[in-house]
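Thank you all for coming.

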Amino acid sequence: MSAAGNQPSSDLWNVKTECKGSCFSVPFPRNFMQLCKKILTRLFRVFVHVYIHHFDRITTMGAEAHVNTCYKHFYYFVTEFDLIDERELEPLKIMTEKICH
């Protein structure tokens, strides 16, 4: 239940909670995979920035294991489904080999 009027959040956002058949009547755009790959490539660049410029802060906060786990899940997902070109993964290649293999 949400705080606003004690309505279930699915009602508040008009979200279907039960589907029979297909819930989506609009097809995915033709460039959907291309857009996903672009977004994931940019997210990888955020990981690169965090690891290169902010890892000392992450370590100080004691969040190293958490960030590494997030990165590992991300890495396994994008490599399993071939969503990022190998060339894009080069900046963290050495670190990736240490924590993901």
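Let me begin with a term: a salt bridge here is a side-chain nitrogen of Lys or Arg within 4 Å of a carboxyl oxygen of Asp or Glu. Please keep in mind that this is a predicted model, in which local features need pLDDT of at least 70 and side-chain atom pairs count only at pLDDT 80 or more, while totals for chains, interfaces and linings use all residues. Residues are numbered from 1 along each chain as its sequence is written, and side-chain values use heavy atoms, with hydrogens and water left out.

How many salt bridges does the structure hold? There are 3 salt bridges, and in general, side chains of opposite charge can pair when their charged atoms come close.

One of them joins the side chains of E88 and R45, at 3.1 Å from N to O. E88 sits in the loop between α4 (64-80) and α5 (93-100), whereas R45 belongs to helix α2 (residues 32-53), so this pair ties together parts that are 43 residues apart in sequence. The helices are DSSP runs of H or I with at least four residues, numbered from the N terminus. E88 is partly exposed, with a relative accessible area of 27%, and R45 is also partly exposed, at 45%; for these words, buried means under 20%, exposed over 50%, and partly exposed in between, using a 1.4 Å probe and protein chains only.

Another salt bridge pairs R87 with D85, again at 3.1 Å from N to O, and here R87 is exposed at 67%, while D85 is partly exposed at 38%.

Now to the core, by which I mean a set of buried Ala, Val, Leu, Ile, Met, Phe, Trp, Tyr and Cys residues joined through side-chain atoms within 4.5 Å. The largest nonpolar core has 18 residues, and those with the most contacts inside it are F44, Y51, Y71, F74, I84 and L92. Helices α2, α4 and α5 each supply at least two residues of this core. Leaving aside neighbours within four places in sequence, F44 is in contact (heavy atoms within 4.5 Å) with residues including Y71, F74, I84 and E88.

Which residues line the largest pocket? They are Q34, K37, K38, T41, R45, D82, L83, I84, D85 and E88.

Notes: On a 1 Å grid over the protein atoms alone, a cavity is a set of points where a 1.4 Å probe fits but cannot get out, and a pocket is an open set with protein on both sides within 12 Å along at least five of seven lines; lining residues have an atom within 4 Å of a point.
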